[in-house]
Amino acid sequence: MPAALLRRVGLCLAIAAPAIIVRFSGLEIPPLAGMLVFGAAIVASAFLLAWAAEAAQKDIAGALAIAILAVITVLPEYAVDLYYAFRSGTDPAYEQYAAANMTGSNRLLLGFGWPLVVIVALLVARKTAKAEGRPSLGYLPLPRGSRLEIGFLALLGLLAFVIPVLGQIPFSFGVLLVLVFVWYLWRSGQVESETEEELVGPAKLIGDLPRKTRRATVIGLFVVSASLILASAEPFADALVESGSSLGIDSFFLVQWLAPLASEAPEFIIAVMFALRGMGAAAIGTLIAAKVNQWSLLVGSLPIAHLAGGGGWDLALDARQTEEFVLTATQTLMGLAIILALRFHWQSAIGLAAIFAVQFAVTDTTGRYVLSALQAAIAVVWLIVHRREIGPTLRVPFRRPQRSADAEPAMLEAK
């Protein structure tokens, strides 16, 4: 195994080691220290997980590889979120945190992750175009294969509005969302890709190993990282809540933003690395797939975990959680409408980031609903502009797959 890879893996394990020592030695530490120790372990484990998942694309081809990569890289977030949902089965005070973590990570992905990747990709494309003496595009063209993820995101975006209307996530609705996720994986497995994704960094070091060694390394990293995440998720989740109380900070706020930031950091870094290497379409494709996973598997699993933890058949939402779901659902609709024509303009990326930033200054209920209405209005405008794309996009999940021309830019498909 390359020394460079061993150094990186060793560093991650060294960062995670204090959490394991504290977890299994019975050592009591203050909540703030616990938040830092276990949070660092989750971040380090997430990097190991992401490298292994990315390298696994050498053995899994096509759109299914991107779908699986997106699932695996958000497993740290799932572990924390499902713990809150499970704990809420016996402690109703934890119900709010399951919704908080999910809505925060969902909005962080679209409001920060998408714009970051697009802007980086366009800056790299501009630099390359300038060096080659040709004009640069003012938008990031998405491959036509992205229509599958966008189509599923459209269906899930519509289903998302059922949750705030009901004021709860019923068990049956959760099962439906999980089935949609299974359907999405099945459809992704049918899509062929004409291009092979380029690996970067530690993932490339793993991918360049001989087949047997590579597969053994990937499996080993999966097992180790998953074990570290499972060992750290519960104490990290509890430390977040307790730290908020001890510091006089709203625990809901910490759970909503700090936990997703820790768990999704590796995913963002990998996406930016793709963008820096001129693979902007692959980078944004992974983040779009992650959005599909969040609205299907993650949301659908919450009432299931709640029931498994001793709760009822429905995961109830209070007024604040309902407000958060409305804000998150309208943001999803807005982002979806913007990329419907498979073009992601830099102005749209900046607009998404700006609206995302505004929500931190708008904390009252009325303001949140006004912001939700603004996002819905922007979505309607873009849906009118892209109205010819609505039908084809909604039909993709139900249509028999055709060979994907990933190498072709979206502008060839634009009307």
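A residue is called buried here when its relative accessible area is under 20%, exposed when that area is over 50%, and partly exposed in between, as computed with a 1.4 Å probe on protein chains only. By that criterion, buried residues make up 54% of the 415 residues in the protein. The model is predicted, so that local features need pLDDT of at least 70 and side-chain atom pairs count only at pLDDT 80 or more, while totals for chains, interfaces and linings use all residues. Residues are numbered from 1 along each chain as its sequence is written, and side-chain values use heavy atoms, with hydrogens and water left out.

**Overall picture**

The protein holds 16 helices and 4 strands, where helices (H or I, at least four residues) and strands (E, at least two) are DSSP runs numbered from the N terminus. Its accessible surface comes to about 17,100 Å², of which carbon and sulfur atoms account for 67%; such areas come from the Shrake-Rupley method with a 1.4 Å probe, and for residues only the protein chains shown count as cover. Contact means heavy atoms within 4.5 Å, and among the contacts between residues at least 6 apart in sequence, 84% join residues at least 24 apart.

**Two helix pairs**

In what follows, axes are lines fitted to C-alpha atoms, for helices over the stretch in contact, and angles run from 0 to 180 degrees between N-to-C directions. Angles under 35 degrees count as roughly parallel, over 145 as roughly antiparallel, 65 to 115 as roughly perpendicular, and the rest as oblique.

Helix H4 (residues 75-87) packs against helix H5 (residues 95-131) at an angle of about 155°, with their axes 7 Å apart, which makes H4 roughly antiparallel to H5. On the H4 side the contact is made by Glu77, Val80, Asp81, Tyr84 and Ala85, and on the H5 side by Tyr97, Ala98, Asn101, Met102 and Ser105. By class, this contact of H4 with H5 has 6 nonpolar, 2 polar and 2 charged residues, where Ala, Val, Leu, Ile, Met, Phe, Trp, Tyr, Cys and Pro count as nonpolar, Asp, Glu, Lys and Arg as charged, and the others, Gly among them, as polar.

The axes of helix H1 (residues 3-25) and helix H10 (residues 211-247) come within 10 Å and cross at roughly 40°, and H1 and H10 are therefore oblique to each other. Their contact involves Val9, Leu13, Ala16, Ala19, Ile20, Arg23 and Phe24 of H1, together with Leu221, Val224, Leu228, Ala231, Ser232, Glu234 and Pro235 of H10. In the contact of H1 with H10 there are 11 nonpolar, 1 polar and 2 charged residues.

**Buried positions**

The table lists the relative accessible areas of selected residues.

| Residue | Relative accessible area |
|---|---|
| Thr322 | 13% |
| Glu323 | 6% |
| Ser348 | 9% |
| Leu342 | 0% |

Thr322 lies in helix H13 (residues 319-338), and, leaving aside its neighbours within four places in sequence, Thr322 is in contact with Pro164, Gly167, Leu317 and Tyr369.

Leu342 lies in the loop between H13 and strand S4 (343-345), and has a positive phi of about 65° although Leu342 is not a glycine. Ser348 lies in helix H14 (residues 346-358), and beyond its neighbours within four places in sequence Ser348 is in contact with Ile338 and Trp382.
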